[in-house]
Amino acid sequence: MRYSAYSIFKEALSGNRMWKPAWREPQPKPHYDVIIVGGGGHGLATAYYLAKEFGITNVAVLEKGYLGSGNVGRNTTIIRSNYLLEGNNPFYEFSLKLWEGLERDFNYNAMVSQRGILNLFHSDSQRDAHARKGNGMRIHGVDAELLDREQVRRKAPYLNFDHARFPIMGALYQKRAGTVRHDAVAWGYGRGADARGVDLIQHCEVTGIRRENGLVVGVETTRGFIGCNKLALAAAGNTTTVGRMADLELPIETHVLQAFVSEGLKPVVDHVITYGAGHFYISQSDKGGLVFGAEIDFYSSYAQRGNLQTVEHTMEEGVSLIPGLSRAKVLRSWGGVMDMSMDGSPIIDRTPIDNLYLNCGWCYGGFKATPASGFCFAHLIAKNETHHVSRFMRLDRFERGYTIDEAGRGPQPNLH
């Protein structure tokens, strides 16, 4: 069924009793051309583009929980392409362009809202760094504008401009950035992949990877063995666990990232805002809740929940930036498990096993990369060739000394 104003009107006349499920509940086949491990945003996007762009439809997406139960439904929904380095900027700009046409492409309302992002700076050195990044963006043809203090005040008068330690001096502004409804992204990609013949198999955990003569021949799962010609891993924070099943030791650590949402408020935060004095970021959802987060929990964990120390730290940063936030009530919080790479940038590459493909290391940037990640990973699987915008995201770059260290913090995953 194609969604449209007509279909909504038609179904309303029947009391909304004739809507069909968004996707099937198939039984696993004995064998597939491609198996994708992970039914989150990246796995579903990969399956969608494999079918749509490359005509490969004998594909299964295996998800140990329900579709979208991982990080794609556990984030702060921000999309942007304000990166400096050549290894990142073209890739995230490609992703942002895909976001801009995504709803028409997969016929689903993902609530893409390009409200702009303000990256605040609080010192002369930060201004110089933001100006350098903005110039780098513009060299790549990406929109960027350096705002002074009064220009920021006109956009966000509720900020703490006269903070004694971290006064707001200006911001780097990207107008095309914004937010997207996170779970709708999973539903849209899942629905689009299913409509093209992809099997979305929920509650099917991979427990082993079977190899013969140096190649993957299939996976052991809680629903039996499933064979495949190619195996693609898009398991986010569980990448290291699944990778070890194929004897892969990956440059990844798993950490928890918490996010929070407040009670519903009248519209106040019109943009996405990031705090240059810390790592706090905030936006307002269409339902009125303030959605915000800060740093990861600094110890490794696979739990989808965080600790109270990080909760306290996040609240302190938020109130420091927006004093009025102290009057709002937090309704709920959640945690996602982040696959943190050694340089803070992702990996989309083949592995030493010829028919095993890897998509991981997304750190904080996984959600905004979803469309480009899926497209580039599908391109790699279908053609055994790296897409040109992801050519720097190689697995062997750590050995070769070609890291993509956007933050310049060195080889320590929990600092990115």
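1. R80 sits in the loop between β3 (78-79) and α3 (89-100). Helices (H or I, at least four residues) and strands (E, at least two) are DSSP runs, numbered from the N terminus. This is a predicted model, in which local features need pLDDT of at least 70 and side-chain atom pairs count only at pLDDT 80 or more, while totals for chains, interfaces and linings use all residues. Residues are numbered from 1 along each chain as its sequence is written, and side-chain values use heavy atoms, with hydrogens and water left out.

2. R80 has 21% relative accessibility and therefore counts as partly exposed; buried means under 20% relative accessible area, exposed over 50%, and partly exposed in between (1.4 Å probe, protein chains only). The side chains of R80 and N82 are joined by a polar contact of 2.6 Å. Such a contact is a pair of N or O atoms within 3.5 Å; within protein, one must be able to donate a hydrogen and the other to accept it, and residues adjacent in sequence count only if both atoms are side-chain atoms. Leaving aside neighbours within four places in sequence, R80 is in contact with Y92, I117, Q174, A177 and K368, where contact means heavy atoms within 4.5 Å.

3. R115 is in the loop between α4 (102-106) and β4 (117-121). Its relative accessible area is 14%, so R115 is buried. The R115 side chain makes a polar contact of 3.3 Å with the side chain of T179. Not counting residues up to four places away in sequence, R115 touches Y173, K175, A177, G178, T179, D270, H271, V272, S283, Q284 and D286.

4. S300 belongs to strand β15 (residues 289-300). With a relative accessible area of 46%, S300 is partly exposed. Residues up to four places away in sequence aside, S300 touches E253, T254 and H255.

5. Which angle do the axes of α2 and α10 make where they cross? The axes of helix α2 (residues 41-54) and helix α10 (residues 370-383) cross at roughly 55° and come within 7 Å. Axes are lines fitted to C-alpha atoms, for helices over the stretch in contact, and angles run from 0 to 180 degrees between N-to-C directions. α2 and α10 are therefore oblique to each other; angles under 35 degrees count as roughly parallel, over 145 as roughly antiparallel, 65 to 115 as roughly perpendicular and the rest as oblique. The residues of this contact divide into ten nonpolar, seven polar and two charged.

6. α2 also packs with helix α7 (residues 182-195), at an angle of about 35° and with the axes 8 Å apart. In this contact, L44, A45, A47, Y48 and Y49 of α2 meet A186, Y189, G190, G192 and A193 of α7. The residues here divide into eight nonpolar, two polar and no charged.

7. H203 is not a glycine, yet has a positive phi of about 55°. Its place is the loop between β8 (199-201) and β9 (206-212), and H203 is exposed, with a relative accessible area of 51%. N384, a residue other than glycine, also has a positive phi, near 55°. N384 is in the loop between α10 and α11 (397-400) and is partly exposed, at 33% relative accessible area. Most residues other than glycine have a negative phi.

Terms used:
Nonpolar A, V, L, I, M, F, W, Y, C, P; charged D, E, K, R; others polar.
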